[in-house]
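This note sets out, point by point, what a reader may wish to check in the model shown below. Please keep the structure in view while reading.

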Amino acid sequence: MLKTFSLGGVHPEENKFSAGQKIETLEIPEQVSVLVAQHIGGPAEVAVDKGDQVKVGQIIATAAGFVSTNIHSPVSGTVLKIDTIIDASGYRKKAIIIKTEGDEWEANIDRSETLVKEITATPQEIIRKITNAGIVGLGGATFPSHVKLSVPPGKKCEVLILNGVECEPYLTSDHQLMMEKGEEILVGTKILMKALNVDKAIIGIENNKKDAIEKMSELSKSYDGISIQPLKVQYPQGGEKQLIDACIGKQVPSGKLPIEVGAVVQNTGTVFAVYEAVQKNKPLFERVVTVTGKSVKKPSNFKARIGTPISQLIDAAGGLPEDTGKIIGGGPMMGKALTTTDIPVTKGSSGILIMPEEIAKRKPSQNCIRCAKCVSVCPMGLSPYLLMTVSEKSVWDRAEEEKIMDCIECGSCSFTCPSSRPLLDYIRLGKGTVGQIIRNRTNK
Amino acid sequence: MNTLTVSPSPHVHSGDSVKKNMYGVIIALLPALAASIFYFGIGAVVVTITSVLACVVFEYLIQKYLLKNKPSIFDGSAALTGLLLAFNLPTYLPIWIIIIGSLVAIGIGKMSFGGLGNNPFNPALVGRVFLLISFPVQMTTWPTPIISRLHYFGITPEILDATTGATPLSILKEGVSNGVANAEIMQQLPSLSELFFGLMGGSAGESAAAALILGGLYLLIKKIITWHIPVSIIGTVVIFTTLLKLIHPDLYAGPAFHLLTGGVLLGAIFMATDYVTSPMSHKGMLIFGIGIGVITVLIRIFGSFPEGVSFAILIMNGFVPLIDKYIKPKRFGEVIKTQKA
C-alpha cells in the first residue's frame with residue numbers, strides 16, 4: 001500500500017497531456033508586464049522610473065517588509081511606463097511595463113548549464129541569497145520562501161519535505177523539471193538542508209510519475225539524507241498539511257504552521273530556483289509553465305520569462321482552440337479563470353489550462369440530498385454542506401465554531417457534489433467574513 | 001474568440017449526479033424485484049407498477065399544480081420511493097390502498113417538507129407505516145410464495161385462503177405468546193437456506209436475502225453508499241439476538257433467523273441508507289445503525305408487532321438532526337499523531 005494522507009481526497013481525471021514534453025525555452029517577448037504583487041504579502045515597491053534602462057536580473061521593485069519579495073527584470077530594455085493592468089484576479093494591479101532590447105544579463109549571473117555541486121555559502125548567506133533572488137513558492141501559493149526558512153525561535157526543523165506531487169490534473173511543469181533538472185533539484189535540496197540545519201529530506205512524488213520516482217531515486221543515492229517517497233495518487237496531496245501527513249504521518253494542528261510538527265515544505269520547482277539563486281546568482285525571472293487542455297494542439301512545457309503575455313504561450317502551443325470556453329491560470333481544481341489572454345506570466349503561473357466550451361460552464365445547482373459525499377472527501381475533516389448553509393445564512397459564529405478557517409479551498413467538495421452545489425463559493429465567502437471578524441477581535 | 005467563462009474554482013466536476021445515484025439504487029433493487037416476481041408473480045408486478053406510477057404521478061402533480069415549480073420527476077427519486085414502498089407491501093394489496101400509500105409517501109412524506117432533500121423521514125416508510133396502521137388486515141395478508149404466483153387479490157378471491165399464510169416472524173411471535181417451545185416453532189418454519197433465497201411469506205421485496213445482498217454489494221462497489229449503516233444495523237441485530245439466544249435458548253430465535261426474516265436486510269441496505277434521512281458523518285452513521293438494530297430487536301421480541309424495522313428506521317430518522325449536531329467528522333489535526341513514518 002502506497003502512503004497517502006489520512007482524511008478524504010478525490011481522484012479527478014489526470015489528463016496529463018503534456019507529460020514527457022521537453023521544456024522548450026520560449027522566445028523573449030517584445031514587451032513584458034511585470035506585476036509588483038506576484039506573491040502573498042505586501043506588493044513590492046517600484047524601484048525604477050519611466051525611461052530607465054534595465055538588465056536581465058536587475059531589481060526593479062523591492063520587497064516591502066519581511067513578508068514580501070524583490071522583483072527582477074526578466075528582460076533587458078527600457079521601462080516604458082508604470083501602469084495598471086488586469087491580472088489573474090480580474091482586477092487592475094500595478095505593473096512595470098518594459099520594452100525588450102537585446103538580452104543583456106547582470107554580470108554576476110552564471111549563465112552556463114554546468115552543474116555546481118559544491119555548496120560554499122553559509123546558512124546565513126543562503127537565506128540572504130534566496131531573499132534577494134525574490135523566490136516564492138512556485139507551486140502556485142507564492143508564499144515568500146525566505147519566510148518559511150526562518151524557523152521561529154524555540155522551534156526546531158527536523159525534516160525538509162519537498163513537494164513533487166503535482167496533484168493538480170493536467171499540470172506537468174514540476175514533473176518535467178524533475179526529469180530534466182533532477183540533479184539541480186537535489187543540490188537545491190542540500191542547500192535548503194544546510195540553511196535549515198536538518199539532515200533529513202523527503203521528496204514526495206505521486207505514483208503517476210513513475211519515471212520521475214525512478215530517476216530521482218537513482219540520483220538521490222549519491223546525496224546523503226535525501227529519500228524519495230512514492231505516494232498514492234490522491235488530490236489534494238500537494239496541500240502542505242496533506243503532504244506532511246502523507247510523508248511523515250503527522251498532522252499539523254488547526255491554525256498552526258508546519259514547523260509545529262518539525263517540518264518545512266518546499267515545492268520542487270522552488271528548490272530548482274533556490275539552486276539557481278545560490279549557485280548561479282540567478283534571481284527568479286523565468287519559470288516553467290505548462291500550456292495544456294483537451295483541444296490544445298501541442299500541449300507543452302515552456303520556460304518563459306515572467307511578464308510574458310499568456311497569449312504568446314498559447315500561440316506557441318498551437319494557438320487558441322476554436323472551442324475554447326475558459327482559460328485557467330493554474331490547474332482545474334484551484335486555478336483562476338482568466339478574463340483575457342493579455343495577462344502576464346507571474347512567479348505563481350504553474351500552468352495555463354484551456355477548457356473547451358462544453359465543460360466550461362457549471363451544471364445547475366440542485367437541492368442538497370444529504371449524501372454526505374462532501375463530508376467524506378473533505379481532506380480537513382470539515383462538513384462542507386453545513387459551512388455552505390451557515391455562510392449562506394450569515395451565521396458567522398457557527399461558521400467559526402465549525403472551523404471554516406481550516407478550509408484549504410481545495411474544491412474537493414464542489415467537485416464531488418452530485419447536486420453540483422457551489423459549496424466552495426459560499427465557504428470562501430464565509431472564510432472572508434469570519435477571517436475579518438477574527439482579525440477585528442484580536443486587534444481590539 | 002468566444003466569450004470566456006469566468007467562475008471560481010474548481011473548474012472540473014466528478015460527473016456524479018442525483019440522477020446517477022437514484023438510478024444506481026434502482027438498478028441495485030432489480031435482483032430483489034426479479035426474486036419478488038419469481039415468488040409472488042402477478043401480484044408483485046401489479047404492486048410495483050402501481051406504486052411506482054402513483055408516486056411519480058403524484059410528485060408531478062404536486063410540483064406542477066401545488067408548488068408551481070419545474071417538475072423533476074426524471075431525477076429518479078420518486079420512482080425510487082415508489083419501488084421501495086412496493087417492496088414493503090404484501091403483494092395481495094388492493095390497488096386503491098397502494099395509491100393511498102403512494103399519496104401519503106410522496107405528498108406527506110416528501111413534498112410537504114419541500115421535496116427532495118428536505119424530508120426528515122423516509123417517505124416510503126411513512127407511506128408503509130400509514131397503511132399498516134390504517135389497513136391492518138390487508139397489510140398483514142401475506143401471499144404464500146410460488147403457489148400464489150398466478151393470483152392477485154380481487155381477481156381470484158376464492159383461492160385466497162389457500163394461498164395466504166403468516167410470515168416467519170408472526171408465526172414466531174404467536175408461538176412465543178402461546179407458550180410454545182422455540183424448537184417446536186422452528187419446525188413449522190422454513191429452513192435457513194430457504195429463508196436465504198426468500199422462500200417465505202412477506203412483503204414483496206424483502207424476502208430474498210441473496211438478491212438484497214447482491215444489490216448491496218453493487219451499491220458499495222459503485223460507492224453509492226458506505227458500509228457504515230448496513231454493517232452497524234446487521235452487526236447490532238446479530239450481537240443482540242445472539243446474546244438473547246445465549247441467555248434463553250428456549251425462548252428466542254437465533255441471529256441467522258432474525259437476519260433473514262422480515263425487513264432487516266432490505267431496511268439495512270436500502271431504507272436506512274437513504275441519503276436524505278441518515279446522518280452526515282461516519283461516526284453518526286454508526287450510531288444511527290446501532291439505534292435501528294436495537295429498536296428492531298426490541299420491537300420484535302418485546303413489542304406487539306412481529307416486525308419492527310420500519311418503526312426503528314423512522315424513530316432513528318427523528319434523531320438524525322441531533323446526531324448531526326453533536327457527532328462531527330474526525331477533523332484534520334485534531335489529535336497529533338506521535339508515531340513516526
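1. Two strands are said to pair if DSSP finds at least two bridges between them. Strands (E, at least two residues) and helices (H or I, at least four) are DSSP runs, numbered from the N terminus. The model is predicted: local features need pLDDT of at least 70 and side-chain atom pairs count only at pLDDT 80 or more, while totals for chains, interfaces and linings use all residues. Residues are numbered from 1 along each chain as its sequence is written, with chains lettered from A and ligands numbered from 1 in the order in which they are written.

2. Strand β17 of chain A covers residues 351–356. Strand β13 (residues 286–292) of chain A runs parallel to β17(A), and three bridges join them.

3. How many of the six residues of β17(A) are buried? Five are, and the strand is thus mostly covered. A residue is buried if 20 or more other C-beta atoms, placed from the backbone, lie within 10 Å of its own, exposed if 12 or fewer do, and partly exposed in between.

4. The largest nonpolar core has 224 residues. Such a core is a set of buried Ala, Val, Leu, Ile, Met, Phe, Trp, Tyr and Cys residues joined through C-beta atoms within 7 Å. The residues with the most contacts inside this core are Ile161(A), Val274(A), Leu313(A) and Cys55(B). Leaving aside residues up to four places away in sequence, Val274(A) touches Ile130(A), Ile135(A), Gly188(A), Ile191(A) and Leu192(A).

5. Between the chains, 56 residues of chain A are in contact with 37 residues of chain B, contact meaning that C-beta atoms, placed from the backbone, lie within 7 Å. On the side of chain A that touches chain B, β15(A) gives the largest share, five residues. By class, that side of chain A has 27 nonpolar, 17 polar and 12 charged residues. Ala, Val, Leu, Ile, Met, Phe, Trp, Tyr, Cys and Pro count as nonpolar, Asp, Glu, Lys and Arg as charged, and the others, Gly among them, as polar.

6. Chain B is divided into domain 1 (18–139) and domain 2 (191–324), with bounds from an automatic or database domain assignment. In chain B, 33 residues of domain 1 are in contact with 28 residues of domain 2. The largest share of the domain 1 side, 14 residues, comes from α1(B).

Key
Two residues are in contact if their C-beta atoms, placed from the backbone, lie within 7 Å.
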